[in-house]
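Take the two chains in turn, then look at where they touch.

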Amino acid sequence: MKQDKLSNAVLVLSCQKRDESAFRELVDRWEPRLYYYLRRIVENESDVWDTLQETWLAVFQNIRKLQDPLKFPTWLYQISHNKAVSLLRKENRYAQMTVEKMADDCKSNNAVLAVNEQAELVHKLLGQLKLAHREVLTLHFLEGFSIREMAQIIGISEGTAKSRLHYAKNELYAALKGANDV
Amino acid sequence: MSEPNGKKEFADNLLAQDPPSADMQQRHKEVLLKKIERRMCLQRTVIIAIYMVIFLAAFGAFNLRKYTDNVVHAIGWGTVSLHIFLWSLIYILRGICMEMEGLIEKRLDNDERRRNKNQNLFLTILAIVLFVLSTWFLYRSFFLTDSLKAAQKVVSVLWTTIFFLIFYPFRTASLIAKLWFEYKKMDLYGRT
């Protein structure tokens, strides 16, 4: 984990020196994660790719301003959050904060505690949660960000982030329990 | 299974539930890199164009000095060419200095960072004020009729650049030395 962070920091430093191959590697390394995160916020796949593109262009443009290379993940997610939110605002979807349900898929599942199947179930249930809850849970599960980092990414206070994560977890557990009962 | 490994495995499995299609990923990367290449090319072109305009302007002013039969104008154009050239040199030196400062800044604490920022802001404002004032002074010297007075006045315009021409190279050198010490410290004590 620590090695990952350090190699990331080295890549960021190389990018700050305008090393194109380092940037390419950074894109390869972070793209699947960003894609997953953005897919949980923006539903249309072509919108996700557009947002990803804007995110990377903004990263390339502003990477020299990043003071601490170790904070790259937080900074990257912050940019993609802002891009996604501005896209949703354009379409008036962010204010709504809810999405349609994907209940049909998960009802047939029995909750199995094996990590892989649990992940599959969580992935399906994430689609049922409120957008704000889905976002914090994705950040929590995918990157293990701290409350402070999550607050920074989403642009809310630490207290709000903490309570949002708490409610999101409760909502997810309730959904998990529901899926287990069926 | 230790907890961090479990978390990582869970995250990996979560990612595996909705991976981007390889085709789209490849296409997206190609488009992205093309856009970035174009952007970099444009930036380089703009910078080269700006420098070319500056040097052409300086060279033009230097040539104008030859085609005038007015002594005051000849002195004025000669000084204008040097004025443009020296200030553009200061701009380049400042750029190099800022680049070095960006590298060392990551190792400074907040107080030092703030102090550096304030100092840079002060120097930038000072440079802009001096550039504007000396340009105005130079412009006014074209209207003088006494060539001796004109020569005496325009020389002082060139002196306004001296401070920056000395300050930035020395600052850059000291930053390089600081960086080298930091590197040595990391080398000796394995500090990151």
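Predicted model: local features only at pLDDT ≥ 70, side-chain atom pairs only at ≥ 80, totals over all residues.

Which residues of the two helices meet? Helix 3 of chain B brings B:Val71, B:Val72, B:Ile75, B:Gly76, B:Thr79, B:Leu82, B:His83 and B:Leu86.

Now step back to the whole of chain B. It has 6 helices and 0 strands. From the N terminus on, its elements run α-α-α-α-α-α. Buried residues make up 13% of its 192 residues. Take the contacts in chain B between residues at least 6 apart in sequence: 70% of them join residues at least 24 apart. The mean pLDDT of chain B is 85. In this chain, 95% of the residues reach 70 or more.

Helix 2 of chain B covers residues 22-64. Does its length fit its residue count, and is it buried or in the open? At 1.5 Å a residue, its 43 residues should span 63 Å. The end C-alpha atoms of helix 2 of chain B are 62 Å apart, which agrees. Of the 43 residues, the number buried is 2, so helix 2 of chain B lies largely in the open.

One residue of this helix is B:Ala57. With 15 C-beta neighbours inside 10 Å, B:Ala57 counts as partly exposed. A residue is buried only if 20 or more other C-beta atoms lie within that distance, and exposed if 12 or fewer do. B:Ala57 and B:Ser81 are 24 residues apart along the chain. Their C-alpha atoms are separated by 7.5 Å.

Turn to chain A. It has 9 helices and 0 strands. Read along the sequence, the pattern is α-α-α-α-α-α-α-α-α. Buried residues make up 37% of the 182 residues in chain A. Among contacts in chain A with a separation of 6 or more, residues 24 or more positions apart account for 64%.

Confidence needs attention here. The mean pLDDT of chain A is 80, and 82% of its residues reach 70 or more. Over residues 95-113 of chain A, pLDDT stays under 50. For that stretch the model has 28 contacts beyond four places in sequence.

Next, look at A:Lys71. It is found in the loop between helix 3 (45-62) and helix 4 (72-90) of chain A. A:Lys71 has 15 C-beta neighbours inside 10 Å, so it counts as partly exposed. Along the sequence, A:Lys71 and A:Val12 are 59 residues apart. In space they are 9.9 Å apart, C-alpha to C-alpha.

Helix 7 of chain A spans residues 131-143. At 1.5 Å a residue, its 13 residues should span 18 Å. Its end C-alpha atoms are 18 Å apart, which agrees. Which residues of helix 7 of chain A are buried? They are A:His133, A:Arg134, A:Glu135, A:Val136, A:Leu137, A:Thr138, A:Leu139, A:Phe141 and A:Leu142.

With 13 C-beta neighbours inside 10 Å, A:Ser146 counts as partly exposed. A:Ser146 and A:Glu158 are 12 residues apart in sequence. Their C-alpha atoms are 9.8 Å apart in space.

Finally, bring the two chains together. 25 residues of chain B are in contact with 27 residues of chain A. Which elements give two or more residues to the side of chain B that touches chain A? They are helix 1 (3-17), helix 2 (22-64) and helix 3 (71-105) of chain B. The largest share of that side, 10 residues, comes from helix 1 of chain B. By class, the side has 12 nonpolar, 6 polar and 7 charged residues. The predictor gives the complex an ipTM of 0.70 and a pTM of 0.67.

Methods
Residues numbered from 1 in each chain as written. Chains lettered and ligands numbered in written order. Helix = DSSP H or I, 4+ residues; strand = E, 2+ residues; numbered from the N terminus. Expected span 1.5 Å × (residues − 1). Contact = placed C-beta atoms within 7 Å. Nonpolar A, V, L, I, M, F, W, Y, C, P; charged D, E, K, R; others polar. pLDDT = per-residue confidence, 0-100.
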